[in-house]
Amino acid sequence: MRVESGELWRLQRRTLRSHAFGYDRAMKKTIAIVEDEPALRDNYAAALARQGYQVKGYANRTTAMQAFRVRLPDLAIIDISLEDEAEGGFDLCRDLRALSAELPIVFLTARDSELDAVSGLRLGADDFLTKDVSMPHLAARVAALFRRIDALRRPGDAAEILRRGALAIDVEKMQTTWNGVPVVLSLTEFWIVHALAKNPGHVKNRQQLMDAANVVLDDETITSHIKRIRRKFISEDAGFDAIQTVYGMGYRWVE
Amino acid sequence: MSIRSQLLIVGLSTLVLPWAGCQYARELEFALRGSQEQALSASAATVANALSAEPQRVFRQGSDVQPFDPGRGDLYVFPLGRQPLLDGYRDDWGIGQDPVPLPNPSLAGAGTPRSRIQAGATERYVYLYVEVDDAHFEPEPSDVLKARVSFDRVDLLLQRPDGTLDAFFFATSAPGLIEAQYLATSDDGATRVDAEPRIQAFWLQTRGGYTLEARVPLSMVGGRLWLTPRDGPKSPITQELPALEHLEGGRLFFAPQGLQDLLATFVRAGTRATVIDANGLIFGSAGSLDLSGNDAQRGNLGQAWFRRLIAADNSRLPEQSQAPDRLVGPQITQALAGRADTVWLRTGRREVALLSAAAPITVDGITRGAVVLEQAGDQLIGLRDRALSRLFYLTLAATAVAVAFVSGYATWIGARIARLQAAADTAVGNDGRIRLTMPESSHADEIGALARSFERMLARLQEHTQYLRTLGGKLSHELRTPLTIVRSSLDNLESEGLREDQRDFVRRAREGGQRLASILSALGAAARVEESIKQAERVNFDFRELLESAVAGYQSAFPQARIELQAPTDACHLRGAPDLLVQMLDKLVENAVDFCPAGGTIAITLARHAGEYRLIVANDGPPIPEGLLPRLFESLFEQRVGHDEKPHFGLGLYIVRLIAEFHGGRTAVSNRAEASGAEFTVSLPII
């Protein structure tokens with residue numbers, strides 16, 4: 001296992017701090033895990049419960065939706081293939097998004113192919129993780145998503161804004177704009193953009209980007225993430241070329 | 001032996017058709033010969049019957065049939081077409097035969113030199129020609145009656161038409177035109193020599209003797225005549241006449257005048273009719289043989305060899321009689337014995353046979369002679385040849401068509417099989433990919449069935465290969481969930497708080513899990529690359545810039561090896577997927593680093609070469625065994641052992657090839673000279 005980055009710790013500590021000061025301890029955040037593999041479900045539940053969340057596990061789409069109609073969780077972690085439904089997770093995500101537009105949804109899957117990722121994100125998921133993700137990484141991600149929700153709910157105080165030319169990154173709300181137009185990025189993508197834009201001109205290799213995004217990905221997946229990020233910016237501005245490939249080394253942000 | 005030549009031989013079996021045609025033609029020729037024999041035989045019998053009705057026009061002397069015996073001095077008198085000149089030469093007689101030796105047995109005695117005689121007759125004269133071998137010429141003296149006087153002379157003993165004998169002699173003091181002389185008794189009883197002016201002769205001196213050409217009026221000649229040359233010193237002249245009954249031979253056999261005209265009325269063109277007497281001597285003949293064959297046919301080369309092919313064998317036939325004065329042969333013998341007969345004769349020309357039909361002429365129950373009709377055997381053959389040669393050519397053409405068709409068919413079959421074979425040979429490509437469709441499989445025949453069998457076999461092979469190919473990906477996917485369970489459990493365990501000694505076990509378990517994860521990742525790598533190749537976008541970029549950037553990265557990533565780059569100084573534009581090319585480069589460099597000893601050099605070279613970029617990654621280190629070289633770029637082929645513990649699934653170089661092929665390029669690997677290392681070459685076409 002890789003050594004966790006300093007930034008990860010910082011995020012976790014900040015999450016815990018906000019819990020301690022801003023919210024009632026009794027009002028624990030609920031996380032729903034929809035995963036048909038009981039051992040994994042229990043492991044995730046145990047890891048998240050240790051972070052102070054109330055975790056509920058569901059094995060399939062039907063039981064999960066029944067429960068969600070009664071009460072929405074604060075965050076949902078959904079496996080794509082559920083029991084006998086190969087893409088049951090996508091359907092569940094769509095139904096859940098219909099119930100709530102703001103609820104953070106994280107896809108978790110053994111499948112890491114491009115198509116699954118794109119499909120998942122089109123359905124309005126906030127992040128997409130492979131099951132390789134370690135428990136601390138998962139916890140960091142969950143904390144970050146909650147933090148974003150909190151930041152969004154807070155009235156617009158002078159937030160920490162990172163500006164790089166046309167790019168503006170609201171670090172707290174984890175929102176990105178290009179020429180003032182919001183660019184919707186997944187959490188992983190946001191962290192990659194943030195890591196690149198923070199030090200323009202510096203080459204970030206794949207490992208550094210993975211660390212920043214709190215994921216373990218193979219080279220091809222990093223490449224496809226970068227591609228997708230570019231595409232998202234290009235759909236706002238056809239002339240976008242701020243992310244440069246430095247072959248054999250990594251990527252850098254140029255202004 | 002190829003199917004084509006086998007079928008060609010089968011096709012050649014249709015040559016039996018023209019062969020059968022030849023056989024048929026031969027049969028037909030025999031049949032035609034038979035009918036020609038019958039026709040000619042019937043004609044001969046008709047002519048013979050007609051002549052039998054008028055024996056007086058055929059035979060000169062009543063019913064006197066004597067056997068002809070040239071050995072005893074019998075003479076055949078050739079009919080002469082025109083009056084010859086008395087000049088001692090017989091060139092103007094127009095007779096092909098040479099004079100026959102004259103035996104004169106009854107009168108022979110001492111002083112008879114060797115001589116040869118020939119007789120001929122016109123309507124008024126009998127001509128006699130005699131050649132005498134007498135080297136020493138003794139001229140006639142002025143008084144021949146002087147005792148013991150001798151000189152060269154030719155005695156002529158003549159039977160008059162009334163049966164009496166007359167003796168004459170020819171002698172001369174100088175060669176030239178002379179008259180016959182005879183000894184007469186004067187009224188006074190003395191013997192004197194008289195000339196007979198009606199009998200004239202020409203005495204011609206030759207190198208070995210002399211020749212005498214004599215002319216006797218036909219009115220003086222009866223049935224017999226004897227001519228005896230005398231050598232002067234040995235034979236004195238006498239006046240004594242021998243007794244007729246003691247004489248032998250000397251009979252003259254005349255061809256009746258007018259018989260030729262009579263015969264001419266019987267013969268058709270191309271047929272020769274000959275009448276012979278009981279001795280086989282020719283009385284007369286009419287018509288001429290056409291032995292030249294069919295002129296039109298001769299002009300036709302094809303028919304000529306066709307004739308040679310089917311002609312009946314003539315070589316064993318008896319030969320045509322060549323004697324001009326008489327006919328011989330089995331048919332003549334039969335006819336003179338009273339039986340009609342036909343026979344085929346050989347002629348001077350090989351391919352032309354002569355048909356000779358002989359029929360007896362019977363007068364009052366006695367066979368007096370025979371009619372012989374002769375006809376060239378190919379009278380009808382020309383007609384038949386035209387029909388048969390057409391048949392022959394038709395069957396030959398049919399054979400040619402059949403052979404051509406069979407040959408074409410065999411070529412087609414052979415080509416189909418060759419196509420199938422070529423497809424079968426290349427069905428499984430070097431990259432392990434299997435082509436499922438075979439040519440010919442849409443045909444309903446056996447080759448189609450074979451092709452379909454191949455397709456089924458390949459489909460099953462494909463399934464199997466597909467299973468093997470996807471096994472890695474499936475395995476990596478299926479093992480991922482349990483691995484995740486293990487790793488997440490370890491995460492939880494660690495978070496629960498462990499004793500120091502327990503941490504070591506967890507750490508080891510985590511390391512094992514990490515290795516397992518990297519194995520699974522490697523197993524699924526090829527599938528992921530294939531996936532990303534499918535989605536790759538092509539852009540224009542500078543390959544040199546990419547290389548320089550990538551090599552700089554490698555230099556920092558692999559400090560243990562010296563990585564050098566040689567590239568053109570100007571931009572190397574290429575259209576392709578730079579991400580994939582970098583990935584390809586990664587694999588090549590990783591591979592080179594694996595086999596490069598510490599401190600060794602990895603040389604990366606980019607060069608333009610005949611319309612393509614040639615990228616060479618060469619590393620120091622051990623050479624690759626020759627047997628492995630051609631298979632190195634195959635999927636899951638790895639027999640090389642690097643000097644690290646990383647898992648090798650032989651996918652790295654396979655990915656290199658996939659990416660090179662995506663760019664329309666090729667890959668190659670070779671060992672450097674002196675076993676100093678390996679060299680991987682990727683050729684990419686410049687687009």
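What percentage of the 687 residues of chain B count as buried?

**Exercise 1. Chain B as a whole**

Solution. The model is predicted, so local features need pLDDT of at least 70 and side-chain atom pairs count only at pLDDT 80 or more, while totals for chains, interfaces and linings use all residues. Residues are numbered from 1 along each chain as its sequence is written, and chains are lettered from A and ligands numbered from 1 in the order in which they are written.

Step 1. A residue is buried if 20 or more other C-beta atoms, placed from the backbone, lie within 10 Å of its own, exposed if 12 or fewer do, and partly exposed in between. By this count 34% of the 687 residues of chain B are buried.

Step 2. Helices (H or I, at least four residues) and strands (E, at least two) are DSSP runs, numbered from the N terminus. Chain B has 12 helices and 23 strands.

**Exercise 2. Find how H3(A) and H4(A) pack, and which residues make the contact.**

Solution. Step 1. Axes are lines fitted to C-alpha atoms, for helices over the stretch in contact, and angles run from 0 to 180 degrees between N-to-C directions. For helix H3 (residues 61-70) and helix H4 (residues 88-99) of chain A, the angle is about 10 degrees and the axes are 10 Å apart.

Step 2. H3(A) is therefore roughly parallel to H4(A), given that angles under 35 degrees count as roughly parallel, over 145 as roughly antiparallel, 65 to 115 as roughly perpendicular and the rest as oblique.

Step 3. Two residues are in contact if their C-beta atoms, placed from the backbone, lie within 7 Å. H3(A) contributes Arg61(A), Ala64(A), Met65(A) and Phe68(A), and the residues from H4(A) include Leu92(A) and Leu96(A).

**Exercise 3. Describe the largest nonpolar core and the place of Ala370(B) in it.**

Solution. Step 1. A nonpolar core is a set of buried Ala, Val, Leu, Ile, Met, Phe, Trp, Tyr and Cys residues joined through C-beta atoms within 7 Å. The largest has 76 residues, and Ala370(B) is one of those that touch the most other members.

Step 2. At least three residues of this core come from each of domain 1 (12-59 + 257-386) and domain 2 (70-254) of chain B; the bounds come from an automatic or database domain assignment.

Step 3. Leaving out residues up to four places away in sequence, Ala370(B) touches residues including Ala48(B), Ile276(B) and Ile332(B).

**Exercise 4. Locate Arg326(B) and decide whether it is buried, exposed or partly exposed.**

Solution. Step 1. Arg326(B) sits in the loop between helix H5 (301-310) and helix H6 (330-336) of chain B.

Step 2. Arg326(B) has 19 other C-beta atoms within 10 Å, so it is partly exposed.

Step 3. Ile276(B) is 50 residues from Arg326(B) in sequence, yet their C-alpha atoms are 7.3 Å apart. Ile276(B) is also among the residues that Arg326(B) touches.

**Exercise 5. State the phi values of Glu83(A) and Ala610(B), and where each residue lies.**

Solution. Step 1. Most residues other than glycine have a negative phi.

Step 2. Phi of Glu83(A) is near 45 degrees, a positive value. Glu83(A) lies in the loop between strand E3 (75-79) and H4 of chain A, and its 13 C-beta neighbours inside 10 Å make it partly exposed.

Step 3. Ala610(B) has a positive phi of about 50 degrees. The loop between strand E20 (601-609) and strand E21 (612-620) of chain B holds Ala610(B), which is exposed because 8 other C-beta atoms lie within 10 Å.
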